[in-house]
Amino acid sequence: MSSTQTEAQLIELPALESRPTAGPALLGKSAALLDGVTVRLSVMIGEAETTLGELMALQEAAVLKVDRAVDAPVDVLVNGKVVARGTLVAVEDNFGVRITEIARLV
């Protein structure tokens, strides 16, 4: 078995001059470019912790209690990140979420 050694070299970079930003924002009014980007939207009503044994023993009609109160808001996630909160509502034969709070994006 042969080992290859790579020699690292130090590279000096010029100092970046502090300048005020100028020109249009990267996307600016072209945010419509993102309209076709697909994202995963999820609604989290709560979580539960259990053992693998209890999970394997679950049967039809079993109830899992989650850590969120009935009247607590649910989290709306985009690609796993909370972007809003809301309340569960019925929309015809489906669940829906009425948005009550938008997360501050930093």
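The dialogue below goes from the overall layout to individual residues.

Tutor: Please keep in mind from the outset that this is a predicted model.

Student: How is the surface described, and what part of the accessible surface belongs to carbon and sulfur atoms?

Tutor: One takes the total area and then asks which atoms supply it. Here the accessible surface is about 10600 Å², and carbon and sulfur atoms hold 56% of that area. Of the 106 residues in the protein, 8% are buried.

Student: What share of the contacts joins residues 24 or more positions apart?

Tutor: Among contacts with a separation of 6 or more, 27% are between residues 24 or more positions apart.

Student: In which sense do β1 and β2 pair, parallel or antiparallel?

Tutor: The pairing of β1 and β2 is antiparallel and has four bridges. As an example, Ser42 has Leu77 in β2 as its bridge partner.

Student: How many bridges join β2 to β3?

Tutor: Five bridges join β2 to β3, which covers residues 81-91, and this pairing is antiparallel as well. Val76, for instance, has Ala84 in β3 as its bridge partner. β2 and β3 form a hairpin with two residues between them. Asn79, in the turn, has a positive phi of about 50°.

Student: How should I read salt bridges, and how many does the structure hold?

Tutor: One looks for oppositely charged side chains whose nitrogen and oxygen atoms lie within 4 Å of each other. The structure holds two salt bridges. In one, the side chains of Asp75 and Arg68 meet at 3.1 Å, N to O. In the other, Arg85 meets Asp75 at 2.7 Å, N to O. The latter pair links distant parts of the chain, with Arg85 in strand β3 and Asp75 in strand β2, 10 residues apart. Taken together, Arg68, Asp75 and Arg85 form a network of salt bridges.

Student: Why is Asp75 classed as buried?

Tutor: Asp75 is classed as buried because its relative accessible area is 11%, and the cut-off for that class is under 20%.

Student: Why do Arg68 and Arg85 count as partly exposed?

Tutor: The class lies between the buried and exposed limits, that is, between 20% and 50%. Arg68 is placed in it because its relative accessibility is 24%. Arg85 belongs there because its relative accessible area is 30%.

Student: Which residues does Asp75 contact beyond its neighbours within four places in sequence?

Tutor: Such a list shows what surrounds a residue. For Asp75 it consists of Ser42, Val43, Met44, Arg68, Val82, Ala84 and Arg85.

Student: Where is Ile45, and which residues does it touch?

Tutor: A loop residue is placed by the elements on either side. Ile45 is in the loop between β1 (41-44) and α1. Leaving out residues up to four places away in sequence, Ile45 touches Val66, Arg68, Val74 and Leu88. The C-alpha atoms of Ile45 and Pro73 are 7.9 Å apart, although 28 residues separate the two along the chain. Ile45 counts as partly exposed because its relative accessibility is 45%.

Student: Finally, how does one read a surface patch, and which residues make the nonpolar one of about 540 Å²?

Tutor: One lists its members and then examines where they sit. Leu52, Leu55, Met56, Leu58 and Leu64 make this nonpolar surface patch.

Student: Is Leu64 buried or exposed?

Tutor: Leu64 is exposed, because its relative accessible area is 54% and the exposed class is over 50%.

Definitions and conventions. Residues numbered from 1 in each chain as written. Predicted model: local features only at pLDDT ≥ 70, side-chain atom pairs only at ≥ 80, totals over all residues. Heavy atoms only, no water. Patch = residues over 30% accessible without salt bridge, like charges linked within 9 Å, V, L, I, M, F, W, Y side chains within 5 Å. Areas by Shrake-Rupley, 256 points an atom, 1.4 Å probe, with all protein chains shown as cover. Buried < 20%, exposed > 50% of the residue type's maximum accessible area, 1.4 Å probe, protein only. Contact = heavy atoms within 4.5 Å. Pairing = 2+ DSSP bridges.
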